[in-house]
Amino acid sequence: MDFISELRWRGLIHEITPGTEEHLRSGRVRGYIGFDPTAPSLTIGNYVQIMLLVLFQRAGHQPVVLMGGATGRIGDPSGRDTERDLKSVEELARNMAHQKAQMQRLLNFSEQAPNRALLVDNYDFYAGMNVLDFLRDVGKHLTINYMIAKESVQRRLESGISFTEFSYQLLQGYDFVLLHRHHGITLQMGGSDQYGNITTGIELARRIDGQRLYAVVTPLLTKADGTKFGKSSTGNIWLDPELTSPYRFYQFWINADDRDVPKLLRYFSLKSQEEVEALETNPLQAKRALAEELTVRLHGPEEYAAVQAVSALLFDPKAGPDTLHGLSEKTLAQVAEEIPSPRVHATVIHQHCNILDFLSEHTGIAASRGEAKRAIQNNAISINKVKVSSFEAKVTPDYLLHGRYLLVENGRKNKYLVQAIEGLP
């Protein structure tokens, strides 16, 4: 496929430097995007740029991931109104190791692929360089006037910007020079907020090495309500399943505003243009298709099946004991994040607790024994999808799923995943 044509129908081009399209048609090109390891995981916001690398590789070019082992220590002022808090070297190292592992799963790094992805750490460029060399060999080539005109600097002039963050564009710009020298990289990609830093690299390459380099930048992805893409009411949507469960990841797409669906499909689906355009006519079907595609791609088919089981358990009134008993312990832990999950001391259950005491005293599912009685009389209480009909019923270890969980329902809508915990006070 033609890379630029693909980006155009997807709406993924914000700026493209002159000659870039012709350069890409001249043969296989190496292009890179930089990622600073300032967070413990990549987010769905980062995935816009990862998709750019995926499409680049599918077009036959060679994607390069530049991890910011050096620039992450400085802090990028782009898109920020205030100074960043600097991360410790140890935290950055942990973050980078984790993000590298994530990248390995998202791009094709196979030795057998002729255009296999490459991963480079820019700390390797600067670890042995002293400040005098950097100022003489790099800083001499750009004026303060040129650097101060960049939007990322302009917006901070009133509130203040440290020399550290002011110098960031020099580092990112010199990255491009060194990547071209050592790896033959001729294209840099990124979000529109990076355009100033990217063009600094192009200018440095021209002035220092007499080389012509190229750039493509994407629009910043915002939602229909004007807010930043990649966050939910509970915060960032992470690509790490330990930070954002596959179920919540799936629900993020399902709960997307219908107005955002065409844009999300074009940015994140690997379906053809014809398939995407057909899906756009039905927002509900499109969200389900996109949620499935991305959950399977990022978390695997087994996790997607678990997500479907959780959804059935929470929302399908026909889901019975078989659905519940088929859930793994890991999946039940995801359920516990989505519904109220009162914790009780394990001995309460091991001593065969009376159902009325269990509902009122130990879990708070009912406000009192009287309320618990009325709920049972109304046929509202079930444990593990089996109705409770007697006031004398006992809650025993036989109910425990994976030795820890039991599902209590009080009517159709009120679900609780009770957890039996050893050692509670």
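## A facing pair in a sheet

Isoleucine 383 stands opposite valine 386 in strand S12. S11 and S12 pair in the antiparallel sense, over two bridges. Strands count as paired if DSSP finds at least two bridges between them. Strands themselves are DSSP runs (E, at least two residues), and helices are runs of H or I with at least four residues; both are numbered from the N terminus.

S11 and S12 belong to an open sheet of five strands, in the order S9-S15-S14-S11-S12, with mixed pairing. S9 (343-345) and S12 stand at the edges with a single partner strand each, so one side of each has no neighbour in the sheet.

## The model as a whole

This is a predicted model: local features need pLDDT of at least 70, side-chain atom pairs count only at pLDDT 80 or more, and totals for chains, interfaces and linings use all residues. Residues are numbered from 1 along each chain as its sequence is written, and side-chain values use heavy atoms, with hydrogens and water left out.

The protein has 21 helices and 15 strands. Its C-alpha trace spans about 85 × 50 × 45 Å along the principal axes. Of the 425 residues, 51% are buried. Buried means under 20% relative accessible area, exposed means over 50%, and partly exposed lies in between (1.4 Å probe, protein chains only). Contact means heavy atoms within 4.5 Å. Among contacts with a separation of 6 or more, 73% join residues 24 or more positions apart.

## Strand S6, covered on both faces

How many of the five residues of strand S6 are buried? Five of the five, so S6 (residues 214-218) is largely enclosed by the rest of the structure. In a regular strand, side chains alternate between the two faces of the sheet. In S6, Tyr214, Val216 and Thr218 lie on one side, Ala215 and Val217 on the other, and all are buried.

S6 pairs with strand S1 (residues 15-16) in the antiparallel sense, over two bridges. There, glutamate 15 stands opposite valine 217. S6 also pairs with strand S5 (residues 187-191), in the parallel sense and over five bridges. Leucine 187 has tyrosine 214 as its bridge partner in S6. S5, helix H11 (residues 195-209) and S6 make a right-handed β-α-β unit. Right-handed means that, with the strands pointing away from the viewer, the path from the first strand over the helix to the second runs clockwise.

## A buried charge

Aspartate 260 sits in the loop between helix H12 (246-254) and helix H13 (261-268). Aspartate 260 is buried, yet has no salt bridge. A salt bridge needs a side-chain nitrogen of Lys or Arg within 4 Å of a carboxyl oxygen of Asp or Glu. The nearest side chain of opposite charge, lysine 263, is 5.6 Å away. Lys and Arg count as positive, Asp and Glu as negative; His and the chain ends are not counted.

What does the side chain of aspartate 260 reach at 2.7 Å? The backbone nitrogen of alanine 224. Beyond its neighbours within four places in sequence, aspartate 260 is in contact with Thr222, Lys223 and Ala224.

Most residues other than glycine have a negative phi. Lysine 385 has a positive phi, near 70°.

Histidine 402 is in the loop between strand S13 (394-395) and strand S14 (405-410). At 45% relative accessibility, histidine 402 is partly exposed.

How values were computed. Polar contact = N/O pair within 3.5 Å; in protein donor to acceptor, adjacent residues only side chain to side chain.
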